[in-house]
Amino acid sequence: MASYVSMNWQSGLLSGNAVQHSSKALGALRTLFHDQEAAQKMPADLIVYTVQAYTPVPDGTEGGLFWGNTTLQPGKVGDEYFMTKGHFHDIRNRGEYYATFHGEGGLVLMGQNGVTRWEPMAPGSVHYIPGYTAHRVCNTGSIPLVFAACWPADAGHDYETVEREGFTARLVERNGGPVLVTSNGEEIG
Ligand code: PAN
Ligand code: ZN
């Protein structure tokens with residue numbers, strides 16, 4: 001019989017022997033942020049997010065599905081919210097679901113045409129990420145943001161394109177709330 005894991009439907013967190021854990025500290029994420037002066041002043045070992053993953057079939061299995069969650073801490077670098085690295089899937093047409101359990105956030109989506117938009121995340125919100133779309137999550141609140149994800153086992157993660165080219169817009173705090181701004185500071189949503 002295949003292994004299985006348990007999810008707490010209040011918190012969204014997983015438990016069980018088959019759950020894999022990983023974390024990302026600020027030191028590995030610094031270059032993503034616009035305000036490099038502020039980023040350099042912050043501690044390298046500050047944990048920005050942790051990920052739990054349940055991968056019951058080998059990575060790359062066509063037709064397989066993975067399940068996981070991310071806990072993204074509240075915080076900002078300058079006026080830019082703490083965020084995940086963000087990626088396209090290696091197999092570009094692969095989609096994904098995100099669903100929010102706790103906290104408030106923004107799902108930032110960029111198509112291959114470079115158009116960026118965002119969807120607010122709050123407990124209960126379910127987000128369909130279409131293929132060919134880079135995706136990144138920002139914590140826009142003051143408590144940890146927890147969301148679950150389900151993605152194809154053969155999707156793969158292309159982080160390089162986002163590291164090299166970035167998203168065409170960033171989610172920043174203006175007048176106490178999140179606003180999507182382009183690199184020249186123009187508000188687009
Ligand atoms: C998610 C992400 C997770 C962490 O499971 O991998 O939220 O974000 P980064 O991978 O961008 O660091 C997902 O989108 N999987 O495909
Ligand atoms: Zn993904």
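Let me start with the second largest pocket: helix 2 (160–165), strand 14 and strand 15 (177–182) each give at least two residues to its lining. Strand 14 contributes the most there, with four residues. Before I go on, please keep in mind that this is a predicted model.

The second largest pocket has a volume of about 330 Å³. It is lined by 19 residues, and those closest to its centre are Leu-32, His-34, Phe-167, Arg-170 and Ser-183. Sorted by class, that lining comes out as six nonpolar, seven polar and six charged residues.

Let's move to the largest pocket, at about 540 Å³. Here 30 residues form the lining, and Val-51, His-87, Trp-151, His-157 and Tyr-159 are the closest to the centre. Strand 3 (20–25), strand 4, strand 5 (65–72), strand 8 and strand 13 each give two or more residues, and strand 3 has the largest share with five. By class, we have 11 nonpolar, 15 polar and four charged residues in this lining.

So where does ligand 1 sit? The answer is the largest pocket. There are 15 residues around ligand 1, and Tyr-49, Thr-70, Gly-86, Tyr-98 and Tyr-159 come nearest. That shell divides into six nonpolar, seven polar and two charged residues. Strand 4 (47–54), strand 8 (96–102) and strand 13 (145–152) supply at least two shell residues each.

A backbone N or O atom of Gly-86 is 2.8 Å from a ligand oxygen. On the side-chain side, an N or O atom of Glu-96 lies 2.9 Å from an oxygen of ligand 1, and a polar side-chain atom of His-157 is 2.8 Å from a ligand oxygen. On its own, ligand 1 has 390 Å² of accessible area, and the protein covers 96% of that.

Definitions and conventions
Residues are numbered from 1 along each chain as its sequence is written. Chains are lettered from A and ligands numbered from 1 in the order in which they are written. This is a predicted model: local features need pLDDT of at least 70, side-chain atom pairs count only at pLDDT 80 or more; totals for chains, interfaces and linings use all residues. Side-chain values use heavy atoms; hydrogens and water are left out. A residue is near a molecule or strand if one of its heavy atoms lies within 4 Å of it. A polar contact is a pair of N or O atoms within 3.5 Å; within protein, one must be able to donate a hydrogen and the other to accept it, and residues adjacent in sequence count only if both atoms are side-chain atoms. Accessible areas come from the Shrake-Rupley method with a 1.4 Å probe; for residues, only the protein chains shown count as cover. On a 1 Å grid over the protein atoms alone, a cavity is a set of points where a 1.4 Å probe fits but cannot get out, and a pocket is an open set with protein on both sides within 12 Å along at least five of seven lines; lining residues have an atom within 4 Å of a point. A molecule sits in a cavity or pocket if more than half of its atoms lie within 2 Å of its grid points. Ala, Val, Leu, Ile, Met, Phe, Trp, Tyr, Cys and Pro count as nonpolar, Asp, Glu, Lys and Arg as charged, and the others, Gly among them, as polar. Grid points are joined across faces, edges and corners, and a volume is the space filled by probe spheres set on the points.
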